[in-house]
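Here are my comments on this entry. Please read them with the structure open.

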Amino acid sequence: MSDNRLKLLTFNCWGLKYVSKFRKERVTAIANVLASSDYDVITLQELWVFADFEYVRAAVSKKLPYSKFFYSGALGAGLVIFSRFPIAAATVHPYSLNGSPVDVLAGDWFVGKAAASVVIVHPILGQVQIFNTHLFAKGGDEGPDHERAHRLVNAWEFAKLARQSAELGRYVIAAGDYNSVPTTLPMNIIRDHAGLKDAWALTHPGVLDPDPLNPPTPHDAILLHGVTADSPLNSYSAGKPLEPLARKFQGKRLDYVFFRQPHNPPRRAQAPTLRPVDTRVVMTERVPGYPYSFSDHFGLEATFTIDTPQGEPVRDSGDVDAPALMQGTTAIATSQSNPQPAPSDVSAECITQALVSLMARYRFAQSQGRFQLTVCFASLAVLFAIIVASAWFPFWLNPIFTLITIALAWLATTMLYIGFVYGNWEVNALTNIIEELELYRTALEEQRRSRRSVVQ
């Protein structure tokens with residue numbers, strides 16, 4: 001393998017225990033594919049079961065000896081990173097909002113959606129921070145504002161993490177399942193605020209949006225538009241009711257590989273440049289010998305070339321302080337000076353759109369909290385009435401009313417927890433993000449006014 005080339009795969013495995021269909025068979029097949037591949041870095045999402053991680057790790061360990069399984073929430077983040085290069089540091093950032101504990105079927109709150117990352121030591125680039133994330137799913141791309149707000153919170157927090165990494169002088173590669181199509185607000189925030197570039201868009205220039213009256217074939221949707229989810233060619237989404245946007249594109253592009261150069265590159269005449277040369281959707285076929293796909297997503301492969309200035313020596317990994325100067329979970333190379341804030345292209349209008357959605361969620365959260373507390377107090381009132389009236393009930397009704405009182409006590413306790421504890425938690429988290437974005441929008445507007453005054 002050449003150190004002047006960096007090849008990465010991101011893949012959502014759909015590996016939830018007891019829920020995902022044919023999980024063991026598919027994980028075995030996925031491990032076989034990865035073991036025979038030539039990837040330098042692999043980021044997996046929804047690999048929830050630690051035994052599955054161990055199986056895949058054993059299969060790829062000869063080529064990718066370094067790995068990290070990340071923990072978050074009650075059931076785990078489901079995020080895994082494998083690397084050919086040494087891992088100097090690792091961290092996981094659970095998003096502050098991940099849905100509601102009442103929404104058991106969606107499950108986002110229980111798994112603790114997060115942004116995981118490792119800092120690898122590359123022989124030429126030095127420190128590269130590899131992010132792996134899976135954003136909040138509910139709401140899709142066309143749902144009501146209050147359902148999509150949590151994904152906006154995820155996007156803002158993720159963009160800040162990626163931007164801060166670049167400000168430390170690191171190369172950044174950010175892969176994962178973002179649960180958003182390219183033109184949506186969360187993706188605009190991630191690209192603009194973090195200064196990230198979309199490897200697929202750069203390697204597929206000039207591809208026009210399809211005509212709604214003449215949609216692409218499913219194969220063209222994959223080849224030209226990078227569709228990785230809800231494709232008619234996937235056994236788990238074939239025949240599934242799709243949103244208008246998914247019908248237009250014969251699926252959705254939800255999986256991405258972003259990248260950027262360091263904001264404050266190492267002290268050399270010219271730093272190496274990370275440049276995407278190829279991206280493609282992979283693992284679109286059926287599992288060998290079975291009638292089902294590898295997952296409900298397809299994989300996304302990205303190949304980068306590393307351009308080094310002429311006459312510039314190829315640096316050895318020993319030139320980088322690895323594991324570097326450790327400060328908590330963050331590794332900082334000692335040769336770097338204090339970085340200055342990176343310029344941001346995110347617009348005040350974009351921030352305003354985000355605020356509209358977040359305020360809608362804020363009002364919805366307050367309304368839900370009041371409703372759940374009302375249910376709690378109503379349940380307590382009915383429970384008290386049953387206890388008082390039980391002295392006049394026939395003896396044979398006691399077992400029935402015992403079950404009713406147990407159910408009412410459970411309902412009251414649950415609604416108190418959800419309405420008061422989680423309700424205030426969500427409102428406070430939304431308040432923090434809203435005030436932060438309002439401050440940021442004010443700063444952007446001040447910056448715009450100052451530029452206009454200079455021009456005039």
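The numbered points below cover confidence, salt bridges, packing and surface.

1. Confidence. This is a predicted model. Mean pLDDT for the protein is 87, and 91% of its residues reach 70 or more. Residues 316–342 fall below 50, yet this stretch has 53 contacts in the model beyond near neighbours in sequence. Where pLDDT is low, the predicted coordinates should not be read in detail.

2. Salt bridges at arginine 84. The whole structure holds 20 salt bridges. Aspartate 3 pairs with arginine 84, with the closest N and O atoms 3.2 Å apart. That pair links distant parts of the chain: aspartate 3 sits in the segment before β1 (5–12), arginine 84 in the loop between β4 and β5 (87–94), 81 residues apart. Aspartate 3 is partly exposed because its relative accessible area is 27%. Arginine 84, at 19%, counts as buried.

3. A second partner. Aspartate 40 also forms a salt bridge with arginine 84, the closest N and O atoms being 2.6 Å apart. Here the link runs from the loop between α1 and β2 to the loop between β4 and β5, across 44 residues. Aspartate 40 is buried, with a relative accessible area of 0%. Salt bridges that share partners join Asp3, Arg5, Lys7, Asp38, Asp40, Arg84, Asp278, Arg280 and Glu301 into one network.

4. Aspartate 38 and lysine 7. Their side chains meet in a salt bridge at 2.9 Å, N to O. Aspartate 38 lies in the loop between α1 and β2 and lysine 7 in strand β1, so the pair ties together parts 31 residues apart in sequence. Aspartate 38 is partly exposed at 30% relative accessibility. Lysine 7 is buried at 13%.

5. Helix α2. Which residues of α2 (residues 50–60) are buried? They are Asp52, Phe53, Val56 and Val60. Seen down the axis of α2, they fall within an arc of 100°, so they line one face of the helix. They pack against α1 (23–35), β2 (41–45), β3 (66–69) and β4 (80–83).

6. Threonine 303 lies in strand β12 (residues 299–307) and is buried at 11% relative accessibility. Beyond four places in sequence, its contacts include Lys7 and Asp278. Proline 309 is in the loop between β12 and β13 (325–327). Proline 309 is buried, at 14%. Leaving aside neighbours within four places, it touches Gln270, Ala271 and Pro272.

7. Surface. Leu416, Tyr417, Phe420 and Val421 form a nonpolar surface patch, with about 360 Å² of accessible area together. Tyrosine 417 belongs to helix α10 (residues 398–455) and is partly exposed at 36% relative accessibility.

Conventions
Residues numbered from 1 in each chain as written. Predicted model: local features only at pLDDT ≥ 70, side-chain atom pairs only at ≥ 80, totals over all residues. Heavy atoms only, no water. Patch = residues over 30% accessible without salt bridge, like charges linked within 9 Å, V, L, I, M, F, W, Y side chains within 5 Å. Areas by Shrake-Rupley, 256 points an atom, 1.4 Å probe, with all protein chains shown as cover. Salt bridge = Lys/Arg side-chain N within 4 Å of Asp/Glu carboxyl O. Helix = DSSP H or I, 4+ residues; strand = E, 2+ residues; numbered from the N terminus. Buried < 20%, exposed > 50% of the residue type's maximum accessible area, 1.4 Å probe, protein only. Contact = heavy atoms within 4.5 Å. Arc of directions from axis to C-beta. pLDDT = per-residue confidence, 0-100.
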